[in-house]
Amino acid sequence: MNDLYDILICGGGPAGLTAGIYCARGGMRAAVLERMSIGGQAALPENIENYPGYGHIGGYELTDKMRAQAEALGAEILYDEAVSFSLKSKIKKLKTAAGKEYAARAVILALGAGARPLGAPGEAEFAGRGVSYCATCDGAFFREKVACVAGGGNTAAEDALYLARFTKKVYLIHRRDALRADAANVKKISAEPKIEVLWNTVVTEIAGGNAVERLKLKNTVTGAVSALATDALFVAVGQTPNTAVLNGTGVKLNESGYICVNEHMRTNIKRVYAAGDCTNAHLKQIVTACANGAVAASTAIQEL
Ligand code: NAP
């Protein structure tokens, strides 16, 4: 088989899988390269209720349906990680962690984003010993225990709601006096008796012995310092785009590291497109990631 792909899609989350579906239907020889597991961050939530067409669906189930659809239509799925890119010439090349080289006439970057660290002392020391960045992955370890969630966005709210189902008590620690999360999540938080929101509060230190035992907190209004006993801290203070791998490639990033795209999902490099959470697109949702993937693929198909 010819080693040249028409379109290589880096990232197997909703953006990349949708791009795969559109590229395959557009008659392109396309592959989706995924470094870990298909679905990316979107595979993690136990319950998604804002993806149109499904009242409630698990993240794994939804993204696995996307994978199956992409594969059935002819997109290849390659489990490997792109570790370096050469994007400026007509034929784009990338090297992978497994030592392979791929070439394509166009590339769609759908690299996703990952949890941003809190930056508090003790965070790195207790990572995996009570500090976690994924409630659906690690929450079950804290059955009938006390858990804290730091953050005020949709991830923090949904993590707190998920943890409330089996922990004894959840503290949602937010630096302001209002959550950033959607109204639907705010309403659920207020209705959940196991969740106590600690407003105007930040975590200044994570402490313990073999595992997390307590947090040092500071009130952002009064400056008062306190200690809170807990078994876990789930950090949900935002995202960082997975774009460090693009350093030196010439792909333009904004000041926060997101890939700059226009409304056609073009980057500043010809025949290099981007989609989903790694881009500077405003709304970060599964549905918008899918939409970005569809636009990136159709722009790429038109331009090839
Ligand atoms: P986010 O929306 O950026 O929220 C981050 C939260 O962490 C904010 O409340 C922020 O406080 C707080 N924060 C940031 N830095 C902090 C620090 N150093 N110390 C303490 N608190 C800090 O991030 P996200 O919740 O991970 O969500 C990312 C994107 O995915 C968002 O667009 C979100 O809507 C989307 N998402 C959607 C769903 C859904 O639709 N169901 C689910 C999950 C995520 P401030 O509010 O004061 O800035």
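## Arg 116

Arg 116 lies in the loop that joins strand 7 (113-115) to strand 8 (131-132); strands here are DSSP runs of E with at least two residues, helices are runs of H or I with at least four residues, and both are numbered from the N terminus. The structure is a predicted model, in which local features need pLDDT of at least 70, side-chain atom pairs count only at pLDDT 80 or more, and totals for chains, interfaces and linings use all residues. Residues are numbered from 1 along each chain as its sequence is written, and side-chain values use heavy atoms, with hydrogens and water left out.

Arg 116 has a relative accessibility of 40% and therefore counts as partly exposed; buried means under 20% relative accessible area, exposed means over 50%, and partly exposed lies in between (1.4 Å probe, protein chains only). With neighbours within four places in sequence set aside, Arg 116 is in contact with Tyr 133, Val 235, Val 237, Gly 238, Gln 239 and Thr 240, where contact means heavy atoms within 4.5 Å. Glu 205 is 89 residues from Arg 116 along the chain, and the C-alpha atoms of the two are separated by 17 Å.

## Overall architecture

The protein contains 6 helices and 17 strands. Its radius of gyration is 21 Å, close to the 19 Å that the globule rule gives for 304 residues, so the protein is as compact as a globular protein of that length. The radius is taken over C-alpha atoms, and the rule is 2.2 Å times the number of residues to the power 0.38. The C-alpha trace spans about 60 × 40 × 35 Å along the principal axes.

Of the 304 residues, 49% are buried. Among contacts with a separation of 6 or more, 60% are between residues 24 or more positions apart.

## Surface and charge

The protein exposes about 14400 Å², of which carbon and sulfur atoms supply 51%. Accessible areas come from the Shrake-Rupley method with a 1.4 Å probe.

There are 33 positive and 29 negative side chains, and the centres of the two sets lie 5 Å apart. Lys and Arg count as positive and Asp and Glu as negative, while His and the chain ends are not counted. Each charge is placed at NZ of Lys, CZ of Arg, CG of Asp or CD of Glu.

## Aromatic pairs

The whole structure holds 4 aromatic pairs. In the pair of Tyr 162 and Phe 166, the ring centres are 5.3 Å apart and the planes stand at 85 degrees, so the pair is edge-to-face. Rings of Phe, Tyr and Trp (its six-membered ring) pair if their centres lie within 6.5 Å; planes under 30 degrees apart count as stacked, over 60 as edge-to-face and the rest as tilted. Tyr 162 and Phe 166 are both buried.

## The loop between strands 16 and 17

Tyr 258 is located in the loop between strand 16 (239-241) and strand 17 (272-274). Its relative accessible area is 16%, so Tyr 258 is buried. Beyond neighbours within four places in sequence, the contacts of Tyr 258 include Gln 239, Pro 241, Asp 277 and Cys 278. Tyr 258 and Arg 29 are 229 residues apart in sequence, with 27 Å between their C-alpha atoms.

Met 265 also belongs to the loop between strand 16 and strand 17. Met 265 is a residue other than glycine with a positive phi, near 65 degrees. At 7% relative accessibility, Met 265 counts as buried.

## Asn 200

Asn 200 is situated in the loop between strand 11 (195-198) and strand 12 (201-208). Although Asn 200 is not a glycine, its phi is positive, at about 50 degrees. With a relative accessible area of 19%, Asn 200 is buried.
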